[in-house]
Amino acid sequence: MSTYKSQFLKTLQERGFIHQLSNADGLDELCAKETVTAYIGFDCTATSLHVGSLVQIMMLYWFQQSGHRPITLMGSGTTRVGDPTGKDESRKVLTDETIEANKDGIKQVFEKFLSYGDGPADAMMLDNADWLLKLNYMEFLRDVGRYFSVNQMIQRDSVRLRLEREQHLSFLEFNYMLLQGYDYLEIYRRTGCRLQMGGSDQWSNILSGVDLGRRLADEELFALTTPLLTTASGAKMGKTAAGAIWLNADMLSPYDYWQFWRNTEDADVERFLKLFTILPMEQIAELAALEGAQINEAKKVLATEATALLHGREAAEAAAETARKAFEEGASAAGLPTIEISRNELDAGIGVLGLYVTAGLCASNGETRRNIKGGAVRVNDKAVADHTTTVSLADIAEDGKIKLSLGKKKHVLIKPV
């Protein structure tokens, strides 16, 4: 393991962020002697980022905490093209209005982690539409396109895998790596940025920008990527049976976000504490040493600390207390996720199979049926033994709601309206 001089790379190494570096010694020396500018790009494909983007945001956080200047690049320009990386088919073409709405949505999260301003280490926010939408196509082909080898481009995973599976790859998407490479050059020219960071799947695209910097600006630019993040069981980070783990509170409540981290697999606790909290390494080591049932205490710390970073300490503590009441006291706590269902529907009675799907506790009727057989389905803390059971107004508890539970950890309240 390398021993870095700069605080930034020391922190990234001990917390497990580093996968690839284009010139480790050169970047380490640069970060040790001066304030460096780095950026990560985020395309505007949804109204919120999900937890799969959090490792990149945390890397920007540590970059700024080390005294450097981070840039969050809004990719409203490249979103119009679509990144083919990791995709089996072309992205849906979004309207300009949708892209702008998505951009407004994802911008919200960054101020939770970064400090923006005009100081030398204050974060900046840029939008690549500011230069990409003004490009002259002929000039771009002549000045930039001539440095890209088609022979090399078709060998890159984002292209090669699509071609091997004989899946359509449009010329529009084929241009994406040119545009990302040009982004790096343009941002360097505008801000002096010399480092682009991203996930390991972006390595070749980032290197395209490094190459353009050398050819067109006679400057060494740097590339740094993080490992592909999966859980210990091999699942993709940020995806669950119930859907994506969104970072915006209006798309996923702080309580559900807390629960996501609380449900971390035992084998992932130490790694996630390093990546997704700012706890000191000594405290993380103590938590990682817990064994048996005590590992659940470490998971609660992980959940509370990760939630506090995104939603604030007060919301994190409230989520932890709600969980404690729901799971340890068996109470129907008011802070649990709540869905509204009309009294008319409940008056007629709703089948428990469909109700659990509606509540997001199960993905299908079949899954609910299997959970009933396994004894995991409870209504108002009473086990459901028959898949033909219906839930009605008669099940409303004293607090005016109906509590649905799946196992010991997942609960949803039904509020009649």
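Helix α6 (residues 137-143) contributes the most to a nonpolar surface patch, supplying three residues, with helices taken as DSSP runs of H or I of at least four residues and strands as runs of E of at least two, numbered from the N terminus. The patch covers about 450 Å² and is made by Tyr137, Met138, Leu141 and Phe171; patch residues have over 30% relative accessible area and no salt bridge, and nonpolar side chains (Val, Leu, Ile, Met, Phe, Trp, Tyr) are joined within 5 Å, like charges within 9 Å. A salt bridge here is a side-chain nitrogen of Lys or Arg within 4 Å of a carboxyl oxygen of Asp or Glu, and accessible areas come from the Shrake-Rupley method with a 1.4 Å probe, for residues with only the protein chains shown as cover.

The model is predicted, so that local features need pLDDT of at least 70 and side-chain atom pairs pLDDT 80 or more, whereas totals for chains, interfaces and linings use all residues. Residues are numbered from 1 along each chain as its sequence is written, and side-chain values use heavy atoms, without hydrogens and water.

Leu141, found in helix α6, is partly exposed at a relative accessible area of 33%, where buried means under 20%, exposed over 50% and partly exposed in between.

A search of the whole structure finds zero disulfides, defined as pairs of cysteine sulfur atoms within 2.5 Å. For Cys31, the nearest cysteine sulfur, that of Cys193, is 11 Å away; Cys31 is buried, with a relative accessible area of 7%, and Cys193 is buried at 0%.

Asp218, although not a glycine, has a positive phi of about 55 degrees and lies in the loop between α11 (203-216) and β6 (222-226).

Note on methods:
Buried < 20%, exposed > 50% of the residue type's maximum accessible area, 1.4 Å probe, protein only.
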